[in-house]
Amino acid sequence: MKTVTLHINGTDHTLSVEDNWTLLHVLREELNLTGTKYGCGTNDCGACKVLIDGKPKNSCVQLARNLEGADIVTIEGVSRNGELHPVQQAFVDAGAIQCGFCTPGMVMTSIALLEENPDPSESEILTALEGNLCRCTGYKKIVEAVQLTASRMRGGERL
Ligand code: FES
Ligand code: FES
C-alpha cells in the first residue's frame with residue numbers, strides 16, 4: 001500500500017492504494033466517480049478516458065500510485081454551475097448519444113481536442129477519436145457534435 005494524494009476535479013483526495021490499483025479502480029470503486037466507464041480494461045476502447053494534465057488518457061492503464069501531483073479531470077468535473085459542458089450539450093443536441101456507455105470517454109477526448117485545436121477538420125476529429133470505440137452510433141453524429149461545438153466556439157461560446 002502507498003498513500004497518495006490525487007488531485008481530481010479540483011479536489012485533493014488522500015487515500016491508501018495498492019500497487020496494482022489503476023486510476024479507473026480508484027475513481028469507480030474508492031471515490032464513487034462512476035461516470036468514467038470500465039469497458040475493456042486493456043487500453044483498447046476509450047470508455048475510461050479522463051484528462052491527466054490536459055491530455056486524454058485511458059485510466060484503466062494508469063497506476064494510481066504514479067499520479068501524485070497530476071491534474072486529473074473526469075466527466076464529473078466538466079460541468080459548470082450545474083450546466084452541461086458545451087461538448088456535452090452538443091452531444092445531446094446532435095443526437096450523438098445512444099446507449100451512452102462510450103459518451104464520457106468521447107466527451108473527454110473531444111474536450112482535449114478542441115482545447116488544442118478549436119477548429120478541427122473531420123479527419124482531425126476522426127483521428128483524435130480513433131481510440132474511442134462506439135458500438136451504437138456509427139460515429140457520424142459524434143463527429144457532428146464536435147463540429148457543432150467548434151461552430152458554437154466560433155460564435156463566442158467558451159469551452
Ligand atoms: S476500459 Fe480502458 S480502454 Fe477500455
Ligand atoms: S452510444 Fe453506445 S457505445 Fe457509443
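**Entry 1: Ile142 and the cores**

I began with Ile142 and looked up which residues Ile142 touches. Counting a contact as heavy atoms within 4.5 Å, and leaving out residues up to four places away in sequence, I found Phe91, Ala96, Met106, Leu129, Cys134 and Thr137. I note here that this is a predicted model, in which local features need pLDDT of at least 70 and side-chain atom pairs count only at pLDDT 80 or more, while totals for chains, interfaces and linings use all residues. Residues are numbered from 1 along each chain as its sequence is written, chains are lettered from A and ligands numbered from 1 in the order in which they are written, and side-chain values use heavy atoms, with hydrogens and water left out.

Next I looked up the nonpolar cores, each a set of buried Ala, Val, Leu, Ile, Met, Phe, Trp, Tyr and Cys residues joined through side-chain atoms within 4.5 Å; buried means under 20% relative accessible area, exposed over 50%, and partly exposed in between, with a 1.4 Å probe and protein chains only. The largest core has 25 residues, and Phe91, Met106 and Ile142 have the most contacts inside it. Helix 2 (86–93), helix 3 (103–116) and helix 5 (140–154) each supply at least two residues of this core, where helices are DSSP runs of H or I with at least four residues, and strands are runs of E with at least two, numbered from the N terminus. Helix 3 gives the largest share, seven residues. Another core, of 16 residues, lies apart from this one and includes Leu15, Val26, Leu33 and Ile72.

**Entry 2: the sheet**

I then followed the strands, which count as paired if DSSP finds at least two bridges between them. Five strands form an open sheet in the order 2-1-5-3-4, with mixed pairing. Strand 2 and strand 4 (55–58) are the edge strands, each pairing on one side only.

Strand 1 (residues 2–8) and strand 2 (residues 11–17) run antiparallel and are joined by seven bridges, with Thr3 opposite Ser16. Their hairpin has two residues between the strands, and Asn9 takes a positive phi near 50° there. Strand 1 also pairs with strand 5 (residues 71–73), this time in the parallel sense and over two bridges, and His7 stands opposite Asp71. Strand 3 (residues 49–52) and strand 4 pair in the antiparallel sense over four bridges, and Val50 stands opposite Lys57.

**Entry 3: Ala112**

Leaving out residues up to four places away in sequence, Ala112 touches Leu51, Gly54 and Pro56. Ala112 and Gly54 are 58 residues apart in sequence, yet their C-alpha atoms are 6.5 Å apart in space.

**Entry 4: two domains**

Last, I looked up the domain assignment, which gives domain 1 (2–76) and domain 2 (86–154); such bounds come from an automatic or database domain assignment. The C-alpha centres of the two domains lie 22 Å apart, and the contact takes 17 residues from domain 1 and 13 residues from domain 2. Between them the domains bury about 1100 Å², 66% of it on carbon and sulfur atoms, where buried area is the accessible area (1.4 Å probe) that two parts lose on being put together, summed over both. Lys49, Leu51 and Ile75 supply 41% of the area that domain 1 buries against domain 2, more than any other three residues.
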